[in-house]
Amino acid sequence: MSKKKQVIWDGNVRDAALTILLTVDKSQAYSNLLLHQTIEKYKIDAKDRGLLTELTYGTLQHKLTLDYYLEPFIRGKVDIWVRWLLRMSLYQMQYLTRIPAHAAVNEAVEIAKRRGHKGIASMVNGILRSILREGVRSTDLIEDANERLAIETSHPQWLVDRWVESYGYDKTREMLLENNIAPLQTVRVNTTKATVEQVLTTLEREGVKARRSEYIPECLHLESGQAARTGAFRNGLITIQDESSMLPAKVLNPQPGMKVLDMCAAPGGKTTHLAEVMKNEGSILATDLHPKKLDLIEENVARLGLNIIETAPLDGRKAAGFLQKEGYDAILVDAPCSGLGVMRRKPDIKYTKREEDLESLQTIQLSILNNAVQLLKQDGRLVYSTCTVDRSENEGTVQAFLKEHPEMNLVPIENLPTQLEAKQQDGMLQVFPQDIGSDGFFVAAFVKKGASN
Ligand SMILES: C[S@@+](CC[C@H](N)C(=O)[O-])C[C@H]1O[C@@H](n2cnc3c(N)ncnc32)[C@H](O)[C@@H]1O
């Protein structure tokens with residue numbers, strides 16, 4: 001990289017996208033957070049915001065496919081920033097029909113000159129123009145079906161192998177393709193403050209196009225605008241949340257007046273949903289391992305005008321030593337997980353997650369669940385959820401948990417959108433991204449056998 005000082009935003013969208021891609025690569029920053037911070041900090045307007053988002057996500061989403069295409073054209077080693085520049089430019093040439101290919105090449109050459117020197121610019125020009133002339137190689141050249149799928153959809157081979165083994169080739173392919181489609185922004189209506197109809201009208205007045213979801217009544221999909229910039233958001237009428245993430249509160253379905261515990265609560269998306277489901281009556285203790293993250297819950301609670309939520313820092317693996325035994329009517333364990341369901345939103349996860357990262361998660365999840373059992377009243381309900389798609393982490397944890405706890409019964413999942421009802425198996429529901437166009441998600445519900453059972 002040149003020694004010239006880096007400024008993320010100087011009005012050049014492609015240059016800014018390149019800086020974000022490099023930062024994500026070097027410091028394993030989350031692409032969605034960095035993008036959001038950049039847009040907010042520099043107050044980037046709607047037109048540039050669209051292209052910046054598209055270039056950043058698109059390049060990340062298709063990284064391995066782009067590398068496969070680039071490989072025959074690159075001789076020798078190139079600096080990492082040049083590689084990302086080539087990927088980003090080829091992404092425009094291959095996937096964005098509205099950008100003329102020669103424009104993408106010219107922009108790349110200008111950036112290469114500015115960030116490097118004439119020699120690098122000429123190399124970038126040569127590579128991209130050769131691709132324009134000769135075209136990219138076909139993935140049909142890859143013999144192994146899983147490897148071809150991994151390259152075509154830009155997912156790591158270990159994950160493709162793992163998913164194909166668990167869910168079969170066709171379902172895996174659908175999931176991999178869905179992961180490469182950027183999601184619409186989804187919000188949840190705060191039903192303690194307004195009806196869905198009222199929020200739709202408020203958003204429309206603010207120039208934001210939204211539509212009702214087919215699945216969850218309080219869920220809206222935004223077709224334009226930025227939820228976080230609306231008055232509806234500032235005034236606590238909505239929460240930004242993916243649709244499948246709204247399932248745990250629906251499934252736990254705590255009644256007004258109940259005493260509820262949310263053991264992995266930050267930043268509070270589901271805690272606040274629970275309070276809304278409870279009509280803001282009863283009490284919720286929202287705990288999380290990381291004390292700093294509790295501020296995020298408090299901010300959300302204040303913005304939404306909810307007053308039944310208290311927060312406390314607490315390691316779920318030790319919670320039973322600190323809270324009232326058999327003291328809660330309903331408990332949510334929205335466990336720390338491998339996050340393999342959120343790749344549409346955070347494409348960088350595809351390249352940073354390693355298979356061995358998955359191994360220790362079941363131990364942590366089981367330990368939190370073991371504590372939950374001790375804190376749950378007899379006949380109380382426990383919901384375990386993750387935002388991942390992995391049989392051994394999800395179903396594996398449930399099976400291991402049931403083995404250790406004969407007093408817990410896996411029960412049919414109630415209060416699901418009809419379209420998902422038939423998808424539950426043995427009282428467990430794995431939502432795939434392609435099912436309802438949401439993040440991948442897992443949920444299971446248990447009831448603690450009462451004294452008479
Ligand atoms: C999937 S996130 C929770 C998201 C949250 N329920 C929501 O809807 O906004 C998992 C959370 O578990 C927390 N966590 C990780 N290990 C924990 C532990 N041992 N005890 C309690 N919380 C833990 C993390 O800090 C993280 O905030």
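**Close-up views of a predicted model**

**Figure 1. Packing of helix α6 on helix α7.** The axes of helix α6 (residues 101-115) and helix α7 (residues 118-134) come within 8 Å of each other and cross at roughly 160 degrees. The model shown here and in the other views is predicted. An angle over 145 degrees counts as roughly antiparallel, and α6 and α7 are therefore roughly antiparallel to each other. The crossing of α6 over α7 is right-handed. On the α6 side, the contact is made by Ala101, Val105, Ala108, Val109, Ala112 and Lys113. On the α7 side, Lys118, Ile120, Ala121, Val124, Asn125, Leu128, Arg129 and Leu132 take part. By class, the residues of this contact of α6 with α7 are 10 nonpolar, 1 polar and 3 charged.

Figure 2. Ser89 lies in helix α5, which spans residues 80-95. Is Ser89 buried or exposed? Ser89 has 30 other C-beta atoms within 10 Å; a residue counts as buried at 20 or more, so Ser89 is buried. Leaving aside neighbours within four places in sequence, Ser89 is in contact with Ala104, Val105, Ala108 and Leu128. Val105 and Ala108 of α6 and Leu128 of α7 also belong to the contact of α6 with α7 shown in Figure 1. The C-alpha atoms of Ser89 and Thr59 are separated by 8.6 Å, and the two residues are 30 residues apart along the chain.

**Figure 3. Packing of helix α9 on helix α10.** The axes of α9 and α10 are 7 Å apart, and the two helices pack at an angle of about 130 degrees. They are therefore oblique to each other. The crossing of α9 and α10 is right-handed. From α9, the contact includes Val160, Trp163, Val164 and Tyr167. From α10, Tyr169, Lys171, Thr172 and Met175 contribute. The contact of α9 with α10 divides by class into 6 nonpolar, 1 polar and 1 charged residues.

**Figure 4. The buried side of helix α10.** Which residues of helix α10 (residues 169-179) are buried? They are Thr172, Met175, Leu176 and Asn179. These residues cover an arc of only 100 degrees around the axis, which puts them on the same side of α10. The buried residues of α10 pack against α8 (145-153), α9 (157-167) and α20 (433-436).

**Figure 5. Loops on either side of helix α14.** The loop between β5 (259-262) and α14 (269-277) holds Pro267. A cis peptide bond joins Ala266 and Pro267, with omega at about 5 degrees. Lys279 is found in the loop between α14 and β6 (283-288). Phi of Lys279 is near 55 degrees, a positive value in a residue other than glycine. Lys279 has 13 C-beta neighbours inside 10 Å and so counts as partly exposed.

**Figure 6. Asn415 in the loop between β10 and α19.** Asn415 is found in the loop that runs between β10 (408-411) and α19 (418-421). Although Asn415 is not a glycine, its phi is positive, at about 65 degrees. With 13 C-beta neighbours inside 10 Å, Asn415 counts as partly exposed.

**Figure 7. Packing of helix α17 on helix α18.** Helix α17 (residues 361-375) and helix α18 (residues 394-404) have axes 10 Å apart and pack at an angle of about 45 degrees. That angle makes α17 oblique to α18. α17 passes α18 in a right-handed crossing. Gln362, Gln365, Leu366, Leu369 and Asn370 make the contact from α17. Gly396, Thr397, Ala400, Phe401 and Glu404 make the contact from α18. The contact of α17 with α18 has 4 nonpolar, 5 polar and 1 charged residues.

Figure 8. Glu356 lies in the loop between α16 (349-352) and α17. How many other C-beta atoms lie within 10 Å of Glu356? There are 8; a residue counts as exposed at 12 or fewer, so Glu356 is exposed. Glu356 and Lys77 are 279 residues apart along the chain, and their C-alpha atoms are separated by 29 Å.

Definitions and conventions
Residues numbered from 1 in each chain as written. Predicted model: local features only at pLDDT ≥ 70, side-chain atom pairs only at ≥ 80, totals over all residues. Axes fitted to C-alpha atoms, helices over the stretch in contact; angles between N-to-C directions. Helix = DSSP H or I, 4+ residues; strand = E, 2+ residues; numbered from the N terminus. Parallel < 35°, antiparallel > 145°, perpendicular 65-115°, else oblique. Left-handed = near helix turned anticlockwise from the far one by under 90°. Contact = placed C-beta atoms within 7 Å. Nonpolar A, V, L, I, M, F, W, Y, C, P; charged D, E, K, R; others polar. Arc of directions from axis to C-beta.
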